[in-house]
Amino acid sequence: MKDSELKVSGQPQKEGNPASSVLDHEVLKYSFVSPFGVKQRLRELRLISSHIKNELPWLILALECLDFTTLAGDDTPVNVRNLCRKASHPLSSFATHKWMNDLHWKRVAAVCVYPQRVPDAVQFFKECSIKNVGVASVATGFPTGQYPLESRLLEIKYAVEQGATEIDVVISRCLVLTDQWDALYHEISEMKKACGDAHMKTILAVGECDSYENIYKASLIAALAGSDFIKTSTGKETVNATLDVGIIMCRAIRTIYEVTGKKIGFKPAGGIKTSKDAIEWLSLVKCELGDEWLNPSLFRIGASSVLDDIVTSIIHRARPPAVEII
Ligand SMILES: O=C[C@H](O)COP(=O)(O)O
């Protein structure tokens, strides 16, 4: 299918600094999405993904792009440390097998926790001298965002002070649903400032944004306001990451790249539970954005429960066939 057939278009503001202080409304004029085009593209992408033969490299990539998450009211230092242990050496129980080669060095990209649990993760990685697993914190009144901007910004600053290197912020869906695009741009810009050097992933909570057009506009605005990544969902909405919405967000990312030259990352999150799901998302990003996006600096999968299935699938495919001795 040709790109034009999808009819997801956009004309964001002029080239140059993507995070100027005001939103150029030209960006919102061209946000038409054809549901039929999206459906058609989805069918094609599913077909492409179902034809993948050698899944092992895809599974390893999925593991390396994982934001391994715990976001529960009963999280404690102990379960966060356990999460970090698993994140650092997910394949360690097979490390003594020769066929593992360098697989046992593989690690997830980051752990993702609530602000209050950031010090537990930071301390664990410090004690174990592990430097290449990021610590992401959710913030800004996660998951609803229904708090004053002032306190949401304080949460970001708190998480950064505690050592978070990545901040996953949620937007006010209310601003999207009431067409307050300037206010949305303003709050995301303020959040980015509060992050300082920490990478900011902006969660749109797509299941609560009402329409494809709103998701496309919110994606463009989040990118233009300085987000490093756009992320689908918190995992707490009734509808979380879906592939159709993934297509729309990737198209917005591509538009931003074509017009500003800036590469924005993409993070589907919420309800991703199996290796097959993970491969479908990787395949979507490969088809929509290209191989350049297939690395942890531009692609993450946010999930609390997919790791075990990815590990099982890797072992199943990496293990040599059993030798018959009789
Ligand atoms: O950001 C990650 C999500 O909160 C995880 O959602 P999940 O528990 O459905 O995997």
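Predicted model: local features only at pLDDT ≥ 70, side-chain atom pairs only at ≥ 80, totals over all residues.
Eight strands make up an open sheet, and their order across it is 7-6-5-4-3-2-1-8, with parallel pairing. At the edges lie strand 7 (265-267) and strand 8 (301-303), each of which pairs on one side only. From one strand to the next, the twist averages 25°.

Within this sheet, strand 4, which covers residues 166-170, pairs with strand 5, which covers residues 199-203, in the parallel sense and over five bridges. In this pairing, Glu 166 stands opposite His 199, a residue of strand 5.

## Helices on the sheet

Helix 6 packs on the sheet, where it touches strand 3 and strand 4, and the direction of helix 6 makes about 165° with that of strand 4. Helix 10, formed by residues 243-260, also packs on the sheet, touching strand 6 (229-231) and strand 7. The direction of helix 10 makes about 165° with that of strand 7, and strand 7 is one of the edge strands described above.

A search of the whole structure finds five aromatic pairs. In one of them, the ring centres of Tyr 114 and Phe 142 are 5.8 Å apart and the ring planes stand at 80°, so this pair is edge-to-face, given that planes over 60 degrees apart count as such. The pair links distant parts of the chain, since its two residues are 28 residues apart. Tyr 114 belongs to the loop between strand 2 (110-113) and helix 5 (118-127), while Phe 142 belongs to the loop between strand 3 (134-139) and helix 6 (149-161).

The two partners fall into separate accessibility classes: Tyr 114, at 22% relative accessibility, counts as partly exposed, whereas Phe 142, at 9%, counts as buried.

## Other aromatic groups

The rings of Phe 124 and Phe 125 also form an edge-to-face pair, because their planes are at 80°, with the ring centres 5.6 Å apart. Phe 124 has a relative accessibility of 4% and therefore counts as buried, and Phe 125, with a relative accessibility of 4%, likewise counts as buried.

Elsewhere in the chain, Phe 266, Trp 281 and Phe 299 come together as one aromatic cluster.

Notes
Residues numbered from 1 in each chain as written. Heavy atoms only, no water. Phe/Tyr/Trp six-rings, centres within 6.5 Å; stacked < 30°, edge-to-face > 60°. Helix = DSSP H or I, 4+ residues; strand = E, 2+ residues; numbered from the N terminus. Buried < 20%, exposed > 50% of the residue type's maximum accessible area, 1.4 Å probe, protein only. Pairing = 2+ DSSP bridges. Axes fitted to C-alpha atoms, helices over the stretch in contact; angles between N-to-C directions. Contact = heavy atoms within 4.5 Å.
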